[in-house]
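Visitor: Could you walk me through how to read a few features of this structure? I am happy to take them one at a time.

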Amino acid sequence: MHSYNDLLNRGGNQKLGELLERQNSLVSDIPLAIFYTSGTTDKPEAATLTNFQMLNSVAVVNEHLGKYFTQLCVPIPTFHIFAEIIGTFHIAVENKNCLVYPAMLQDTLKTMKFIQNEKCTALI
């Protein structure tokens, strides 16, 4: 296991030029991820999301709810789009937070224990 700060320190400023160049080369409407719909009304379909869509979703939620996400409990699987974008990618916008994943799949009892033990401030 590595801490986030250790990983940042390993890259350090020696890679900063490369990072800035890479960031500037990104195009906001290039596809970033493909998620599949549940197929509620028909067969599941591929939904392609772009850099802009995913980061903008996080930014909007952060703007309105970010102050509550300091200790965020994510009791839904990360293969679900909501947990992936609002849970995991939330760190990209506001990295002062702690994400708590109580279980790999939904588990109400574990979730309730984690909320209490980890003093979660929000639940998605």
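Predicted model: local features only at pLDDT ≥ 70, side-chain atom pairs only at ≥ 80, totals over all residues.

Visitor: Is Asn51 buried or exposed?

Guide: Burial is read from relative accessible area, and under 20% means buried. Asn51 has 16% relative accessibility, so Asn51 counts as buried.

Visitor: Which residues does Asn51 touch, leaving aside those up to four places away in sequence?

Guide: Val27, Ser28, Ile30 and Leu32 are the ones. With Val27 there is also a specific reach: the Asn51 side chain comes to 3.2 Å from the backbone oxygen of Val27.

Visitor: Now the sheet. What is the order of the strands in the open sheet?

Guide: The open sheet has 3 strands in the order β4-β3-β5, and the pairing is parallel. β4 (98-100) and β5 (122-123) are at the edges with a single partner strand each, so one side of each has no neighbour in the sheet.

Visitor: How many bridges pair β3 with β4?

Guide: Strand β3, residues 71-73, pairs with β4 over 3 bridges in the parallel sense. For a residue to look up, take Leu72: its bridge partner in β4 is Leu99.

Note on methods: Residues numbered from 1 in each chain as written. Heavy atoms only, no water. Buried < 20%, exposed > 50% of the residue type's maximum accessible area, 1.4 Å probe, protein only. Contact = heavy atoms within 4.5 Å. Polar contact = N/O pair within 3.5 Å; in protein donor to acceptor, adjacent residues only side chain to side chain. Pairing = 2+ DSSP bridges. Helix = DSSP H or I, 4+ residues; strand = E, 2+ residues; numbered from the N terminus.
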